[in-house]
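Subject: Structure for you to look at

Hello,

Here is the structure I said I would pass on. My notes on it follow below the model.

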Amino acid sequence: MEGQDLHPSDAPDEDDGISGVIPTASVANSGPEVDSNDNDSAIDMFSRPSSTQSVRTSIYDFVEEHGRTYHNFHSGKYLIPNDALEKDRLELQNHIWKGFLDVGCGTGTWAIEFAIQYPSAHVTGTDLSPIQPNYVPANCVFEIDDAEEEWLFTEPFDYIHGRTLMNCFKDISTVFASVFKALAPGGHFEMQDGCMPFRSADGTLDNTTLLDWCHKTLEGSARVGRRWVDPRNYKTIMEAVGFVDVVETRLKWPLNTWPRDKKLKELGMWVREDMMEILSAVKKVFIAGLGWSVDDADAFVERAKADLMNRNIHGWVDIVVVYGRKPGTL
């Protein structure tokens with residue numbers, strides 16, 4: 001089961017050798033110890049990186065808006081770009097989310113790594129955008145597909161995986177129901193997602209553009225009919241569609257390198273770099289959803305980026321990891 005380094009028993013300690021995470025079960029509103037040293041030289045040496053259907057040529061004719069490109073297959077259903085910047089961000093994200101269907105697979109890294117680790121498995125990845133590599137393991141395939149439509153797979157899956165899908169679907173409960181139907185009896189489904197808005201324990205996130213970015217992103221997305229789901233509801237939704245033995249873990253990931261703990265500091269670095277790109281990637285939401293001009297959206301994003309880089313703002317993103325089983329036996 002995926003979720004390595006994501007469980008409460010792995011709570012970070014200076015000498016435990018486990019990648020740092022902050023479990024929320026025991027410290028719902030508190031954070032780790034703040035590092036008051038402004039020198040992050042060891043961390044900041046990191047340089048930021050500037051259905052089985054025929055794939056028709058037209059789906060590669062991406063839609064260009066505001067200097068970014070978006071998927072052409074069912075255009076407008078997913079409001080995040082698919083260009084080189086976004087592909088870099090998705091690759092970067094794989095350094096954070098470590099771990100046979102991968103729903104919304106993005107660049108396909110998770111599916112490829114899973115296929116390499118388990119060569120006897122047949123791994124399928126689906127996404128709206130054809131941005132996966134051409135050369136993949138023999139046991140790994142990618143399909144351009146819309147998870148909100150009827151699933152046409154002819155064989156059931158033993159395990160279905162999804163992550164960072166909170167802004168992908170109009171009604172995620174219908175997708176969970178499709179997952180349930182597509183699983184073999186006894187098969188498992190796992191989701192991993194981040195929650196908005198971000199939080200802090202000491203009030204340093206209050207009245208910041210970064211927090212306003214969260215609220216404006218949620219508002220703008222709702223106005224264009226793509227409301228972001230709250231992952232803290234995943235457990236309830238999974239149980240409602242029929243999953244049993246549902247387990248949920250909640251964690252906290254720092255938004256930059258403000259924690260004193262070295263493992264959390266490194267995790268914060270990766271989260272910060274991911275967030276620096278996603279802040280810009282949702283610009284379309286402000287323009288299409290809130291009616292802002294491109295210049296106003298750009299200026300707003302730059303102010304939010306400045307907050308993200310500010311180590312005096314001790315924010316975190318709540319992470320939800322939840323998995324459950326379809327009744328029966330494999």
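The buried residues of helix α9 are Ala 297, Phe 300, Val 301, Ala 304, Lys 305, Asp 307 and Leu 308. Buried means under 20% relative accessible area, with exposed over 50% and partly exposed in between (1.4 Å probe, protein chains only). Seen down the axis of α9, these residues fall within an arc of 155°, so they line one face of the helix; the arc is that of the directions from the helix axis to the C-beta atoms. An α-helix has 3.6 residues a turn, so residues three or four places apart point the same way. The cover over the buried residues of α9 includes α5 (209-223), α7 and α8 (283-290). Helices (H or I, at least four residues) and strands (E, at least two) are DSSP runs, numbered from the N terminus.

Some background: this is a predicted model, in which local features need pLDDT of at least 70 and side-chain atom pairs count only at pLDDT 80 or more, while totals for chains, interfaces and linings use all residues. Residues are numbered from 1 along each chain as its sequence is written, and side-chain values use heavy atoms, with hydrogens and water left out.

The mean pLDDT of the chain (the predictor's confidence in each residue, from 0 to 100) is 82, and 78% of its residues reach 70 or more. Over residues 1-27 the pLDDT is below 50, and it stays under 50 over residues 45-55.

The largest nonpolar core has 59 residues, and those touching the most other members are Trp 151, Ile 160, Phe 189, Phe 198, Trp 213, Met 275 and Phe 286. Helix α7 (residues 262-281) supplies the largest share of this core, 7 residues. A second, separate core of 9 residues includes Trp 110 and Cys 140. Such a core is a set of buried Ala, Val, Leu, Ile, Met, Phe, Trp, Tyr and Cys residues joined through side-chain atoms within 4.5 Å.

Strand β11 (residues 315-325) has 9 of its 11 residues buried. Two strands pair if DSSP finds at least two bridges between them. β11 pairs in the antiparallel sense with β8 (residues 183-194) over 7 bridges, with β9 (residues 199-200) over 2 bridges and with β10 (residues 244-254) over 9 bridges. Within these pairings, Glu 190 has Tyr 323 as its bridge partner, Ser 200 stands opposite Gly 315 and Arg 250 stands opposite Val 320.

Regards

Notes: Contact = heavy atoms within 4.5 Å.
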